[in-house]
Amino acid sequence: MTNNREIVQCLNIIKTDHSIKLIGKTFEKKMALYDNPADTSTFDIYTVDALSNVIKCWDYLEIKKKIMIIKHDNILVAMPILHTSLLFGFLIMWVVVHFVNDNAAEAVPETWYKKINKTCAWPIVSKNSIKHIVKQDYPDENNYKWYPARVLGRKYATLEEA
């Protein structure tokens, strides 16, 4: 599953001089397996169909979770292999950052912090910030803004620990 919640069938993984890439096809149709008693899309569990003929390429930083697809009653069901977010097979850690301009600290997924320019992503719509943090969504240009920040301390395995 990509950070944009596309379900991808992996065809190959390649390493370039600068990155690791996943080559694959996306499923064009995706919907929650159930919506009652709970919406399964909250847990990234979907029915999928119509595998695209178009082959695409993703940088490993664009991959959010490993997904398995099983056939149940002639329906393809996509669900996470683990109930944790993964960055190309690795557990995404948590960091506590200090936002310099606001003099505020917050626990965020490590993928939100850029060491090179010492900035941290934060959702533009603040009312959704907790949801994005808990789901470890990958920051995109449309929904996040980057702010000056510094990491406080070490990396943590869970949000609760951070």
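Visitor: In what sense do strand 2 and strand 3 pair, and over how many bridges?
Guide: This is a predicted model, in which local features need pLDDT of at least 70, side-chain atom pairs count only at pLDDT 80 or more, and totals for chains, interfaces and linings use all residues. Residues are numbered from 1 along each chain as its sequence is written, and side-chain values use heavy atoms, without hydrogens and water. Two strands pair if DSSP finds at least two bridges between them. For strand 2 and strand 3 the sense is antiparallel, and the count is five bridges.

Visitor: Which residue of strand 3 is the bridge partner of Phe 27?
Guide: Strands of a sheet pair through backbone hydrogen bonds, either parallel or antiparallel. Strand 2 covers 20–32 and strand 3 covers 46–51. In strand 3, the partner of Phe 27 is Leu 51.

Visitor: Which residue of strand 6 is the bridge partner of Val 48?
Guide: Strand 3 also pairs with strand 6 (residues 75–80), in the antiparallel sense, over three bridges. In strand 6, Val 48 has as its partner Leu 76.

Visitor: How many helices and strands are there in the chain?
Guide: Helices (H or I, at least four residues) and strands (E, at least two) are DSSP runs, numbered from the N terminus. The order of elements is β-β-β-β-β-β-β-β-β-β-β-β-α-β. The count is one helix and 13 strands.

Visitor: Why does the pair of Asp 44 and Arg 5 tie together parts that are apart in sequence?
Guide: A salt bridge is a side-chain nitrogen of Lys or Arg within 4 Å of a carboxyl oxygen of Asp or Glu. Asp 44 and Arg 5 meet in one, at 3.1 Å from N to O. Asp 44 lies in the loop between strand 2 and strand 3, and Arg 5 in the segment before strand 1 (8–15), so the parts tied together are apart in sequence by 39 residues.

Visitor: Which peptide bond is cis, with omega near 10°?
Guide: Most residues other than glycine have a negative phi, and most peptide bonds are trans. Look in the loop between strand 2 and strand 3, where Pro 37 sits. The cis bond runs from Asn 36 to Pro 37.

Visitor: Which residue has a positive phi although it is not a glycine?
Guide: Go to the loop between strand 5 (67–72) and strand 6. The phi there is about 60°, and the residue is Asn 74.

Visitor: What is the order of strands in the open sheet of five strands?
Guide: Its pairing is antiparallel. Strand 12 (residues 119–123) and strand 13 (residues 144–156) pair over five bridges. The order is 10-9-13-12-11.

Visitor: What area is buried between domain 1 and domain 2?
Guide: An automatic or database domain assignment sets the bounds, giving domain 1 (8–80) and domain 2 (94–156). Their centres, over C-alpha atoms, are 26 Å apart. Buried area is the accessible area (1.4 Å probe) that two parts lose on being put together, summed over both. Carbon and sulfur atoms give 40% of a total of about 320 Å².

Visitor: Which residues of domain 1 lose the most area to domain 2?
Guide: Across the interface of the two domains, the rule finds zero salt bridges. In domain 1, 86% of what that side buries comes from three residues together: Thr 42, Leu 61 and Lys 64.
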